[in-house]
There are 2 protein chains.
Amino acid sequence: MRQVGSVLWPKLRVLQVYGANTGVGKTIFSSLLCRAFQKRLPSVNYLKPVSTGPLDEADDHHIATLDTGVNSKCLFQFNDPVSPHLAVRSAGRPITDATVLAAVYDELSKHANGQDGISIVETAGGVLSPTPSGSSQADLYRPLRLPTLLVGDHNLGGIGTTISAWESLHMRGYDVHSVALFSEDRGVDRYGNFAYLRDYFQDRSVTAFSIPPPPPRNVNVEEDHQAMQEYYEQSAEHRDVMAFTERFLASHDKRIAEIRSMPEEAEKAIWHPFLQHTERSKDTIMAWDSAYGDYFQSYTTTQQTEQNSPADPEPSLLKPAFDGSASWWTQGLGHGNPTLALTAAYAAGRYGHVMFAGSIHKPALDLAQTLIEKSGNSRLKKVFYTDNGSTGMEVAVKMGLRASLMRYKPENPRDLDIRILGLKNSYHGDTIGTMDCSEPSIFNEKVEWYKGRGIWLDFPTVKMREGRWLVEPFEGAPFNTKYFHSLSDLFDFHQRHRDWDAYKRYLRETISDAVKQGDNIRLGSVIIEPIILGAGGMLFADPLYQRCLVEVAREFYEPNSTTSNGDGNGNGGDWTSMPIIFDEVFTGLYRLGRFSAASFLGLQPDIVVNAKLLTGGLLPLCTTTASDAIFSAFLSPSKTDALLHGHSYTAHPIGCAVANESLKQLQNLERAGAWESFKDDWSPRAFSYGVSYQGSEHAWSMWSWRFVSALSHKRNVDNVFALGSVLAISLKDVEGGGSGGGYASTAATGVRDALLRGEGSVGVDNSVVHSRVLGNVLYLMAAMTTTEETISGIEERVLEVLDG
Amino acid sequence: MRQVGSVLWPKLRVLQVYGANTGVGKTIFSSLLCRAFQKRLPSVNYLKPVSTGPLDEADDHHIATLDTGVNSKCLFQFNDPVSPHLAVRSAGRPITDATVLAAVYDELSKHANGQDGISIVETAGGVLSPTPSGSSQADLYRPLRLPTLLVGDHNLGGIGTTISAWESLHMRGYDVHSVALFSEDRGVDRYGNFAYLRDYFQDRSVTAFSIPPPPPRNVNVEEDHQAMQEYYEQSAEHRDVMAFTERFLASHDKRIAEIRSMPEEAEKAIWHPFLQHTERSKDTIMAWDSAYGDYFQSYTTTQQTEQNSPADPEPSLLKPAFDGSASWWTQGLGHGNPTLALTAAYAAGRYGHVMFAGSIHKPALDLAQTLIEKSGNSRLKKVFYTDNGSTGMEVAVKMGLRASLMRYKPENPRDLDIRILGLKNSYHGDTIGTMDCSEPSIFNEKVEWYKGRGIWLDFPTVKMREGRWLVEPFEGAPFNTKYFHSLSDLFDFHQRHRDWDAYKRYLRETISDAVKQGDNIRLGSVIIEPIILGAGGMLFADPLYQRCLVEVAREFYEPNSTTSNGDGNGNGGDWTSMPIIFDEVFTGLYRLGRFSAASFLGLQPDIVVNAKLLTGGLLPLCTTTASDAIFSAFLSPSKTDALLHGHSYTAHPIGCAVANESLKQLQNLERAGAWESFKDDWSPRAFSYGVSYQGSEHAWSMWSWRFVSALSHKRNVDNVFALGSVLAISLKDVEGGGSGGGYASTAATGVRDALLRGEGSVGVDNSVVHSRVLGNVLYLMAAMTTTEETISGIEERVLEVLDG
């Protein structure tokens with residue numbers, strides 16, 4: 001794995017030259033800028049990554065013959081004067097984007113060695129012209145995110161093509177420093193392109209300048225050469241060119257000063273989430289310059305004091321940092337995804353936000369229909385929109401409590417102590433209503449208005465220890481530890497009838513006892529995070545136990561009910577006893593490899609909450625999807641019986657449109673078999689136990705089986721698990737003296753810090769791994785688009801750090 | 001006022017032809033499509049809104065001479081063959097976008113009269129080429145949002161220019177139906193443009209096709225004409241052209257079927273916010289096809305049964321509906337704002353979402369600094385990000401309670417009954433924690449876990465009745481009704497020293513009595529919606545009373561404190577007695593004409609919450625800004641003392657970037673004097689009382705003083721007020737028998753429904769007004785970019801409806 005990220009070398013400026021179209025003068029501008037910068041900097045380099053057309057006409061050759069002292073280089077040269085994607089074909093030399101990118105990075109790096117300089121990188125064709133691989137110029141070079149000069153189009157129609165080209169760059173996250181173009185007809189601006197563009201871009205804080213075009217081609221080669229030399233000499237001293245070089249040099253320094261000051265400025269103005277600020281200083285704050293794919297482009301004040309590798313004597317201020325928490329579990333399709341960016345812009349352009357009270361728009365309707373249809377849960381019928389998991393869970397709780405009370409019909413609901421039934425270590429959000437759904441813990445104990453309103457049960461957890469999957473009972477449980485040959489065996493509930501019985505017996509008794517603690521206690525809803533309890537500590541609950549809990553709950557107030565038909569779902573479509581709420585905010589929508597996390601349990605909850613991955617990791621949106629039976633509990637002739645909940649941006653079109661596109665992309669990945677090799681790796685067949693699972697049905701992870709097993713053998717690892725894109729490593733809390741841990745533990749922070757320092761990087765690049773810990777658990781999470789190669793690179797690092 | 005909106009006539013299809021560049025063949029494609037559609041439809045029209053160049057070369061002339069039976073028209077013709085923005089200058093005929101748009105709309109309307117047909121509208125130049133006014137083609141025609149054919153660029157470099165042009169259209173909310181381009185060199189695709197674009201657009205659900213280019217120009221005019229005739233005849237029967245016409249006709253029918261079915265589909269899949277669904281049917285659901293500026297493009301199942309105006313015998317299925325609630329109070333810069341859309345795309349392209357725990361990115365830092373700086377409140381120092389007003393208020397409450405308890409240092413906080421102090425009818429959000437901050441009401445009384453935790457006070461309200469501003473006391477208040485000559489007088493607190501004393505006396509007594517109701521009652525924070533209490537009924541609180549409440553609260557537990565220095569702000573920078581929280585979610589950021597709503601009260605709260613207008617009306621984001629003293633209350637060596645709150649998308653870069661752009665645009669509007677005529681209209685000088693207010697300091701509204709006064713005299717109006725962009729009309733609840741009303745009242749729904757039916761439209765267009773009611777109050781709200789002309793058009797309608 002070799003990770004090429006955005007660069008910001010203190011002494012080597014890099015300027016990328018894009019054209020609004022072919023033939024607008026990219027090479028001429030590059031040449032004269034080389035000359036102009038030579039007056040200011042000792043080292044000037046010109047780089048043409050990909051060139052097509054005969055060598056004597058090639059851009060770098062042009063530069064080399066015309067300029068002296070410019071270090072000129074072309075990396076990939078093709079003779080056929082056509083678009084690179086065709087030239088590679090006729091040359092029979094396919095080249096990937098990664099190859100070009102790495103070559104550009106290496107070439108640039110050579111000049112970052114201390115002498116003040118600039119490298120000018122000239123792209124091929126227009127902004128979105130094809131690359132050798134067939135992607136676009138702007139997409140190929142995006143990971144470097146170099147400051148850009150856009151050469152505008154001076155021809156008739158050039159106003160429109162120039163602005164469109166700028167928009168295409170802008171929406172890919174590029175910073176266009178200036179726009180430059182030829183004046184027309186040697187000074188007579190017949191089309192008015194420059195005057196228009198200058199004003200247009202001034203309003204957008206982009207400077208534009210124009211210079212006269214070169215003299216017409218002279219058939220006498222020597223005279224032509226002479227004329228061009230003169231043209232370059234004059235142009236390089238053109239007032240506006242000089243002003244541009246000055247501005248560009250200043251902007252480089254400003255960018256460095258800005259990124260260097262960001263941590264300190266943040267310390268002054270920002271109140272960070274979930275942070276004890278006595279532990280914060282400018283040296284602990286990471287600044288994100290940008291992000292792309294699986295990586296942040298990061299800056300910290302501390303990184304510059306570390307040793308530099310000899311190959312990189314003047315390191316870039318920016319380092320690629322693997323987004324190991326998937327940005328708090330949100331990422332599914334990579335940062336800076338241009339399709340999602342364009343989708344967001346489309347919805348913004350078509351609607352902006354349109355209020356949702358009593359109305360409908362297509363993105364919201366499409367998304368609701370998709371969620372209902374793809375859930376595989378025939379009782380889900382109605383989608384309620386909110387902005388984040390916490391508000392979505394508030395809605396779920398309001399739905400569940402009302403529905404159950406409609407069933408019990410108490411004379412005065414206020415006399416009842418209505419509780420939710422859940423598991424210990426559950427977590428459903430930070431608003432006070434959802435906090436009340438979780439047991440007292442360090443998350444909520446200091447919140448003055450917090451009041452735990454639940455009955456929370458212990459539960460057995462799934463772990464791999466020394467290569468073996470096991471289900472470990474909680475302290476005092478009437479069950480023993482059980483071992484499994486594979487992760488899939490653990491999900492094969494039919495083979496686990498003994499556990500089934502034992503779990504049910506235990507749950508019935510325990511819940512009955514708990515309810516009897518108070519005369520007025522009533523259970524209003526079950527709330528479960530299926531499979532993995534996230535913020536409460538990354539705990540993998542035994543799925544069969546969760547299944548049993550739901551089944552027991554569904555018969556709880558109706559012990560003689562015949563509705564429990566053995567599939568755990570009660571009578572068709574309607575809920576029994578109390579509504580079942582699944583908080584799939586974290587675990588749903590492919591985080592664990594499947595659209596629905598409930599499907600692992602073979603259950604149909606009455607209410608499901610989705611968020612995080614819903615928008616592919618772009619912006620906040622949440623859905624609470626409910627059955628018609630729940631919906632009916634709010635129907636009455638009275639307005640006051642309605643679910644009087646709503647947020648200003650309820651079902652905002654951008655969020656819904658991006659969610660539709662994200663779910664489409666995720667489903668396409670699944671359909672196209674993008675995860676097949678991960679699935680194969682985890683196939684139960686691989687463990688030769690002859691258990692037959694259908695195709696994609698077995699549990700699998702993007703983290704390799706070998707890696708997870710190797711981790712589980714490490715002396716400092718207590719246990720580990722992986723499912724879907726989630727990996728959790730429980731470290732032995734040596735100082736703390738055992739398996740304790742908890743949220744306030746610091747057991748895993750050593751590993752986290754070593755990964756962030758780039759340890760285990762085996763010298764391949766300057767990237768690091770950014771990860772998060774929950775107590776003694778260090779977890780890592782990938783996007784659903786993360787490649788096997790990237791994953792295996794991260795795996796190597798983790799293993800090395802754990803050894804070190 | 002004449003509102004041109006998006007059109008969808010059942011029998012008249014409209015196809016708009018855009019070019020990826022000039023000279024790519026828009027006119028030729030338009031001509032041959034006219035011919036091709038003639039084979040399928042009885043009526044084919046060609047419209048060139050703006051044409052430059054001599055008449056004999058003009059596009060419509062070309063079409064007219066070459067085609068028979070096509071009704072061809074050019075609306076604005078200029079001889080100078082340059083960009084329209086230059087042509088109008090040399091012709092001395094400036095034309096606004098609105099003029100062009102209205103002319104296009106009128107011309108199209110002529111053909112919507114029942115005969116099956118199509119109108120082909122050919123734009124000028126490329127997608128973003130200038131219009132006569134200097135805006136871009138795509139921006140000029142955006143309000144019509146016509147289905148589009150993009151003529152691609154077949155030249156070298158045309159792949160990039162075509163895709164960029166498509167992106168520019170897409171991010172303005174256009175639906176590009178197909179891309180068409182010439183094949184190169186009569187069949188030999190040297191550049192491979194078509195093959196590349198076909199595959200590229202297929203992935204994006206856009207069909208592409210190509211046809212051979214026309215024969216080269218023949219100097220013999222007759223032969224040239226003959227050759228072109230033959231070319232058109234052949235091309236119109238080209239297999240791919242025929243296929244396109246079929247697809248386009250089908251897509252028109254599909255679009256109609258889709259919009260017609262949306263209300264019904266929504267009824268099945270959507271759980272609407274704040275709605276008693278027994279009142280919902282497909283006939284009550286509005287479908288938004290798109291939105292632009294101040295208007296939705298709306299569809300309802302019922303509108304088609306209404307009488308058609310004779311001028312519009314086959315009305316468009318879509319009607320422009322003025323967004324009279326500013327989409328639940330969020331809109332500030334108009335729907336479909338292309339700058340905001342591009343800003344959103346830039347942030348998505350540069351970052352996607354990047355996690356905010358312990359980190360920083362530029363959009364979040366910039367926004368925090370702006371909010372701190374522009375608040376005019378020297379104590380605000382730290383910004384905490386959440387997703388919406390409700391979660392931002394949860395954070396504010398957590399901050400306020402912790403800070404006050406740190407001051408009181410109770411032995412066991414759980415023994416205390418910690419309350420907030422506020423006004424009756426307050427509203428702070430729908431999560432249970434913020435519901436607890438509001439008095440029991442129909443919003444919360446059915447929420448099982450709701451528990452009012454406050455002391456809520458009555459308050460005098462500001463109203464205009466029969467042309468006079470007055471402050472009306474609440475029932476049983478020890479104050480009389482007071483009259484004021486102008487709205488500004490009411491804010492001139494120095495002139496109101498008697499009220500000041502009376503208010504303070506009353507408040508001290510009342511609060512003391514309330515606290516004495518229980519031994520354990522402690523006040524944890526004051527929470528106020530400054531000036532206007534929004535969702536609780538659109539009530540204009542006497543600002544002096546709110547000021548006094550804060551001053552009394554700040555001395556409450558410290559009666560001998562010397563910190564009350566008379567300006568109501570206690571000692572510099574730190575809070576006294578209890579933290580003051582201002583919920584400016586609705587009233588802040590220019591909704592009332594000023595950046596800070598607190599500034600009306602001359603107060604510096606300790607915590608301020610902003611949302612809604614923060615992103616200019618595009619997507620959810622909320623900030624809770626606090627003083628350093630509040631921040632310090634969470635500092636300790638223990639992690640558990642931290643504010644353990646955060647959402648996955650905390651400080652998402654798109655939201656922050658859009659907020660920065662929105663605030664910049666709003667501040668630019670203010671600086672540029674965009675609201676000066678509104679301010680002049682409300683200038684106290686206009687009331688000739690000689691009171692001197694500095695420049696922009698006086699209270700003003702976008703709704704005209706004459707209109708507000710006229711409303712206040714209407715027999716069915718109890719009272720009215722306007723401030724900033726907000727107008728609230730309190731209607732007499734005749735059936736209810738008096739001034740009662742309340743949330744469940746239906747007093748104002750008659751007016752709302754009449755406005756939605758388009759009554760009072762005086763026949764100028766088919767637009768309607770969409771508004772919301774709160775009990776007996778009908779309110780209207782503009783964006784900060786709404787023009788005087790639009791406002792006055794709405795004012796006319798409201799007056800007519802109230803008379804009718």
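**Helix packing, chain symmetry and domain contact**

Helices α6(B) and α7(B) cross in a right-handed sense (the near helix is turned clockwise from the far one by less than a right angle). The model is predicted, with local features requiring pLDDT of at least 70 and side-chain atom pairs pLDDT 80 or more, while totals for chains, interfaces and linings use all residues. Residues are numbered from 1 along each chain as its sequence is written, and chains are lettered from A and ligands numbered from 1 in the order in which they are written.

**Helix pair in chain B**
- The axes of α6 (residues 158-170) and α7 (residues 193-202) of chain B come within 9 Å and cross at roughly 30°.
- The two helices, α6(B) and α7(B), are therefore roughly parallel (angles under 35 degrees).
- From α6(B), residues B:G158, B:I159, B:T162 and B:I163 meet B:N193, B:Y196, B:L197 and B:Y200 of α7(B) (C-beta atoms, placed from the backbone, within 7 Å).
- This contact of α6(B) with α7(B) comprises five nonpolar, three polar and no charged residues.

**Relation of the chains**
- Chain B is superposed on chain A by a rotation of 180° with 0.0 Å of shift along the axis, at an RMSD of 0.1 Å (C-alpha atoms of residues with pLDDT of at least 70 in both copies).
- That is the relation of a two-fold axis.
- The copies meet through the same surface, because 100% of the interface residues of chain B are also interface residues in chain A.

**Domains of chain A**
- Chain A is divided into domain 1 (12-214 + 229-256), domain 2 (286-323 + 701-804) and domain 3 (383-609 + 620-634).
- Domain 1 of chain A contributes nine residues to its contact with domain 2 of chain A, and domain 2 contributes six residues.
- On the side of domain 1 of chain A that touches domain 2, three residues are nonpolar, four polar and two charged.

How values were computed
Axes fitted to C-alpha atoms, helices over the stretch in contact; angles between N-to-C directions. Helix = DSSP H or I, 4+ residues; strand = E, 2+ residues; numbered from the N terminus. Parallel < 35°, antiparallel > 145°, perpendicular 65-115°, else oblique. Contact = placed C-beta atoms within 7 Å. Nonpolar A, V, L, I, M, F, W, Y, C, P; charged D, E, K, R; others polar. Domains from an automatic or database assignment.
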